[in-house]
Amino acid sequence: MNAERIYIYKRYERFWHWSQALLIIVMMVTGFEVHGSYSLLGFAKAVSIHSLAAWTLLTLWAFTIFWQFTTGEWRQYLPSLKNVAAMIRYYAFGIFRDAPHPFHKTVVQKHNPLQRLAYLALLAVISPLIWGSGLLYLFYADWPRLGLDAVLSLESVAVAHALGGYLITAFFFIHVYLTTTGHTVFAHIKAMITGWEEVAPKH
Ligand code: HEM
């Protein structure tokens, strides 16, 4: 049976996804330099690029949150535990035996149940951790005025921020691997570039 083609990622969504990916890659590279993992641009330059990328990403998110709510696309991230076990079995075993994909992608349901959980974890766990600690870092000079110096230590904020950095790096590698598991190796990536995805016919 021939694969069907569906228009899945709208123009703004693709713009948002790739600019976010680029900014996060810049933040990972500069962040681990600030952390002391290696020396590439020099500490001061790494700090200023990291902060500039953070402000740019916050601006991008302001527009994206508006877009998600006005288009109703935010519903795509609502978690569902239905078929999660089937997805885990597929990624652990089925995929290596050419078993049929347990999820059929449609325009109204573009993420499989495991993707929904992963994106929700990114949004509800990793993002608050990394952004909360990052903003506290950025406004460290204002802590005494805000009374935060009595309740927070710079060390705990640094540990939380580094933990967030490791988690997002783990997300990044798992995410890139999983994007190659579509109908063909590049089916999902092509969809995120052109908007159109080839999906396997429904079984
Ligand atoms: C850390 C940086 C990244 C983050 C935070 C991120 C986040 C996301 C999110 C939230 C989605 C869902 C988009 C939606 O709801 O429309 C998504 C989808 C996708 N991402 Fe990323 N992404 C990142 C980097 C990348 C990279 C480097 C690639 C390329 C290899 C990539 C390829 C894709 C593809 C192909 C999809 C669509 C998956 C599908 O259709 O099943 N992403 N990403």
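Predicted model: local features only at pLDDT ≥ 70, side-chain atom pairs only at ≥ 80, totals over all residues.
## Buried spots on helix H6

In H6, the buried residues are His-161, Gly-164 and Gly-165. Here "buried" means that 20 or more other C-beta atoms lie within 10 Å of a residue's own, with C-beta atoms placed from the backbone (12 or fewer would be exposed, and in between is partly exposed). The cover over these H6 residues includes helix H1 (11–35) and helix H4 (113–138).

As for length, H6 runs over residues 154–178, and its 25 residues should span 36 Å at 1.5 Å a residue; the end C-alpha atoms are 36 Å apart, so the two agree. The expected span is 1.5 Å times one less than the number of residues.

## What you're looking at

Residue numbers start from 1 along each chain as its sequence is written.

The protein chain has seven helices and two strands, in the order β-α-α-α-α-α-α-α-β along the sequence. Helices (H or I, at least four residues) and strands (E, at least two) are DSSP runs, numbered from the N terminus. The C-alpha atoms fill a box of roughly 65 × 35 × 35 Å along the principal axes. Of the 203 residues in the chain, 12% are buried. Among contacts with a separation of 6 or more, 69% come from residues 24 or more positions apart; a contact means C-beta atoms, placed from the backbone, within 7 Å.

## H4 against H6

The axes of H4 and H6 come within 8 Å and cross at roughly 140 degrees. Axes are lines fitted to C-alpha atoms, for helices over the stretch in contact, and angles run from 0 to 180 degrees between N-to-C directions. The pair is therefore oblique, the label left over once angles under 35 degrees (roughly parallel), over 145 (roughly antiparallel) and 65 to 115 (roughly perpendicular) are taken out.

On the H4 side, the contact residues include Leu-122, Ile-126 and Tyr-137, and H6 contributes, among them, Val-157, His-161 and Phe-171. The contact residues split into twelve nonpolar, five polar and no charged. Nonpolar covers Ala, Val, Leu, Ile, Met, Phe, Trp, Tyr, Cys and Pro, charged covers Asp, Glu, Lys and Arg, and the others, Gly among them, are polar.

## Helix H2

H2 takes up residues 43–71, and its 29 residues reach 41 Å from first C-alpha to last, close to the 42 Å expected at 1.5 Å a residue. Its buried residues are Ala-46, His-50, Ala-53 and Ala-54, and they pack against H1 and H4. Just after H2, Gly-72 has a positive phi of about 80 degrees.

Key:
Contact = placed C-beta atoms within 7 Å.
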